[in-house]
Amino acid sequence: MAELAMQTIKICKSYGTVPVLFDVDFELKKGEIHALIGENGAGKSTLVKILAGYHQQASGELLRRGKPVTYPNTGAAEADGVVMIHQEFNLANDLTVEENIFLGKEIMRRGFLDKAAMRQRSAEILQNLGTTINPRARVKDLSVSDKQMVEIAKALALNSEVLIMDEPTAVLTAGEIDVLFKIIRALRDHGVSIVYISHKLHEVKALADRVTVLRDGHRICTERASELNEDDMARLMVGRELSTLFPPKGQAPHRSAPVLEVQKISCPRYVQNASFQLYAGEVLGFAGLIGAGRTELMECVVGLRRRSSGTVLYRGKPLSARSYGDAIRNRIVYLSEDRKGKGLFTSMPLAPNVTILSLHEHLTRFGFLDGRKEEATLDQTIEEFDVRIPSKRALVSMLSGGNQQKIALGKLMQVEPDIVILDEPTRGIDVGTKQQVYYFIRELAERGKSCILISSELPEIVGLSDRVIVMRSGVVMGELTGEEVNEEEIMLYATGVKGGMAG
Amino acid sequence: MNQEAATGWAKVKELGSRISWQDVGPLIAVFALMVLGTAINPTFLSMGNLTNVFTRSAFTGIIAIGATFVIGTGSIDLSVGSMAAFNSGVMIIFMNYLVQHWGATWATVTAAMALSLLLGAAGGLVNGLVITKGRIESFIVTLGTMGIFRSLVTYLANGGTLSLNLPVRGLYRPVYYGTFLKIPIPLIIFCLVAMVGAVLMYKTRFGRYVLAIGSSYHVAHYSAINVNRIRVLTYILQGICVAIATIIYVPRLGSASGTTGYGWELEAIAAVIIGGTAMKGGTAKILGTVAGAIIFSIIGNILNLSDAISQYLNGAVQGLIIIGAVLVQRTSKE
């Protein structure tokens, strides 16, 4: 048996009165890639945070190289070679790459920074990672994937033996993911142990040596990755059959007058002359690579972002270009891809989040806020969307990603929208919640509403959309319907091989 | 235990779990300080002294209620003390002018009060517009207007003191020194302002939007809240609170100079902070702000009554209290 890099024995953990881990046993061998999968709220993040010293277990034992250890903080874990790379970047944006790599562990010479040594070491690490990032570039000028590389370089600068990665590919493109996987495999071959959290099961299948499944704070099983297929993993995660991830598409909605007509919208640097129509009862997918301008286009449509030209007609009447409030009054809502930064007030309780768009409907006779009505709306949302919450007075930040997303959707539904624009609605949420979101979208369309779905996950676009528009570098490249809606065709347009409609 | 008692106890427990120490803390501090004051000097508890203490808390207290809204959005207004001084100066000049035409009448005083409210709202509007339209940090803008207002009043007073016409002073005097049902009028006004503030903050859409903005500008924007408009409104509200404080301050001394309202901005902000409102916005405790203002007034009074610490060290003690209060809040949160 290979040597164990880390091990947990019957670890338990609660947040306040909410238990999140029950007697979890977990083994990490030296030089293996060990995937940790489970729905949101299953306890994955908590478990790895205990490994990395962010949290301490309430009971149970943590072993490193077979000996019991306690990490009072992340510094202690890092000193022992255990490093965690965050889902959200932990980089100082105004500092350079090399300053970030050595942040908090600067190399000193005679009491002053030894910049030359740090520069050389940074360059070495980056080179080993196979990237061309300039060590002297400012982090804020880097692309998202390069930032991810810097995070990894930062961890490697510590000579870490255990590397914990929490959804490292969430923001990467396909090409970047390939590079990352090569690096991860190379690290493993050098004896580094990797804990890999992901919701993308095909990645887990492709990358991991072993897989541990968590569900509701319990360890369900640990298996060799070669012995599980993606369906098995999904089934183990949710504990039931996921017969059909996507709801069946309805009949092609017959096209009368468009509900929404977007004409030649431009937004400097992001969108050029984009036009499209949206019809009642359809799901219109927007595909494209990250940075294709889809988010910016939709923000222009609803008035959240200033456009330099173009008009938007809702049922034939122009919409205000400068006010999202005008869109809301016309029952057009937009779900931001940035749930924590733009979607929800994470430090506030649930009720004020759900009612913020519809406070005028939560007033007493005298025009004051009615707490009871707000609570009733929250109850209704919790029931309708099957939200799992620790308590009704919980803050949004205490919910898992999937449950936060349900609250975000519930917030939008309060205005009884006619048009729903969803930007990456399943980012960072578990497969069970994903399925619920898919059925929710289809149901909206079936009720005659219109839905725009922006997604970077092609299976999602293909599985849900009645019609697909592909964007590339701010330009609408083409529109696909019927049989054309498949991954290969979309990629041809998204990468610029096909298309480029005059528009 | 019978069932009724059991549910009764459950209710008490439920209530207990609902009380947050952050809310109650400042009130406990007020009570503790009163016990301390009495222990040091029994005259502390005399009606005359207590009245004096609470009345004095009214100026910064009223200003602090407005500041709770500004800070609730995550901004700050440093100009309130100077604005109060400027307002006082203009009121006095205006009354001294009107008295020539209308005599020492309530018409004169009322017109000056109206002018004060107008000036306060206008000052707040200017602060708010420059901050939102100019997209400048509120700290910078109000640091600028703080200097401007202070300098304007010094200029109006020609470097000296502006004094209110004596007959008008006599007429206006009861607004500060008078009582209603034995309660000093400034205290009544303070209570009213606090109550209106609490209703605005907790029971209206405006208040909800204030906290939403303080919680996150971006999320507020993406929730179709007109962030700039709400922010400007908080500054106007702050200006009106300054005007109200000025209206009850002018009859106290009947004069204004370059040092009028000196340091009020710090006292008001400190009252908000020890009351439990977070500097970064998103939470706002009106009752805490009231307690915060009273705490400062009591400390000053205790120092006056005791010989242990020189009253010149008042500022030092206040500073320690501010830092201590925030430390306590921080640790109780964790």
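**Figure 1. A:Arg331 in a loop of chain A.** In this predicted model, A:Arg331 sits in the loop that runs between H10 and strand E18 (332-335) of chain A. Look at the backbone here: A:Arg331 has a positive phi of about 65 degrees, although it is not a glycine.

**Figure 2. A:Asp386, another loop residue with a positive phi.** A:Asp386 belongs to the loop of chain A that lies between helix H13 (371-385) and helix H14 (401-413). Its phi is positive, at about 55 degrees, and A:Asp386 is not a glycine. With 29% relative accessibility, A:Asp386 counts as partly exposed.

**Figure 3. A:Arg294 and the residues around it.** Which helix holds A:Arg294? You will find A:Arg294 in helix H9 of chain A, which covers residues 294-302. A:Arg294 counts as buried because its relative accessibility is 6%, and the cut-off for buried is under 20%. Leaving aside residues up to four places away in sequence, A:Arg294 touches several others, including A:Glu424, A:Ile454 and A:Met471. A:Phe286 is also one of the residues that A:Arg294 touches, and the backbone oxygen of A:Phe286 lies 3.1 Å from a polar atom of the A:Arg294 side chain.

**Figure 4. B:Ser255 in a strand of chain B.** Now we move to chain B, where the average pLDDT is 89 and 92% of the residues score at least 70. B:Ser255 is part of strand E4 of chain B, residues 255-257. At 17% relative accessibility, B:Ser255 counts as buried. Which residues does B:Ser255 touch, not counting residues up to four places away in sequence? They are B:Ile92, B:Thr161, B:Leu162, B:Ser163, B:Val250 and B:Thr260.

Figure 5. The size of an interface is often given as the accessible area lost when the parts come together. Here, the area buried between chain A and chain B is about 2,000 Å², and carbon and sulfur atoms give 62% of it. On the side of chain A, the residues that lose the most area to chain B are A:Lys342, A:Phe345 and A:Leu369, which together make up 28% of what that side buries. How many residues does each chain bring to the contact? Chain A brings 28 residues and chain B brings 21 residues. Between the two chains there are six residue pairs in polar contact, both residues being at pLDDT 80 or more. On the side of chain A that touches chain B, the elements giving two or more residues are helix H10 (324-329), helix H11 (339-343) and helix H12 (350-355). Of the elements, H11(A) gives the most to that side, with four residues. The residues of this side of chain A divide into 14 nonpolar, eight polar and six charged. For the model, the scores are ipTM 0.84 and pTM 0.78.

**Figure 6. Salt bridges within chain A.** Side chains of opposite charge can pair when their charged atoms come close. Over all chains, the structure holds 25 salt bridges. One of them pairs A:Glu161 with A:Arg65, with 3.2 Å between the closest N and O atoms. A:Glu161 lies in the loop between helix H5 (144-156) and strand E9 (162-166), and A:Arg65 in the loop between strand E4 (59-64) and strand E5 (67-68) of chain A, so the pair ties together parts that are 96 residues apart in sequence. A:Glu161 is partly exposed, at 36% relative accessibility, and A:Arg65 is partly exposed too, at 38%. Both belong to a network of salt bridges that links A:Arg64, A:Arg65, A:Asp80 and A:Glu161.

**Figure 7. The salt bridge between the chains.** The count between chain A and chain B is one salt bridge. In a salt bridge, the side chains of B:Arg208 and A:Glu374 meet at 2.8 Å, N to O. B:Arg208 lies in helix H10 (residues 205-215) of chain B and A:Glu374 in helix H13 of chain A, so this pair joins two chains. Are these two residues buried or exposed? Both B:Arg208 and A:Glu374 are buried.

Terms used:
Residues numbered from 1 in each chain as written. Chains lettered and ligands numbered in written order. Heavy atoms only, no water. Buried < 20%, exposed > 50% of the residue type's maximum accessible area, 1.4 Å probe, protein only. Contact = heavy atoms within 4.5 Å. pLDDT = per-residue confidence, 0-100. Polar contact = N/O pair within 3.5 Å; in protein donor to acceptor, adjacent residues only side chain to side chain. Buried area = accessible area lost by both parts, 1.4 Å probe. Salt bridge = Lys/Arg side-chain N within 4 Å of Asp/Glu carboxyl O. Nonpolar A, V, L, I, M, F, W, Y, C, P; charged D, E, K, R; others polar.
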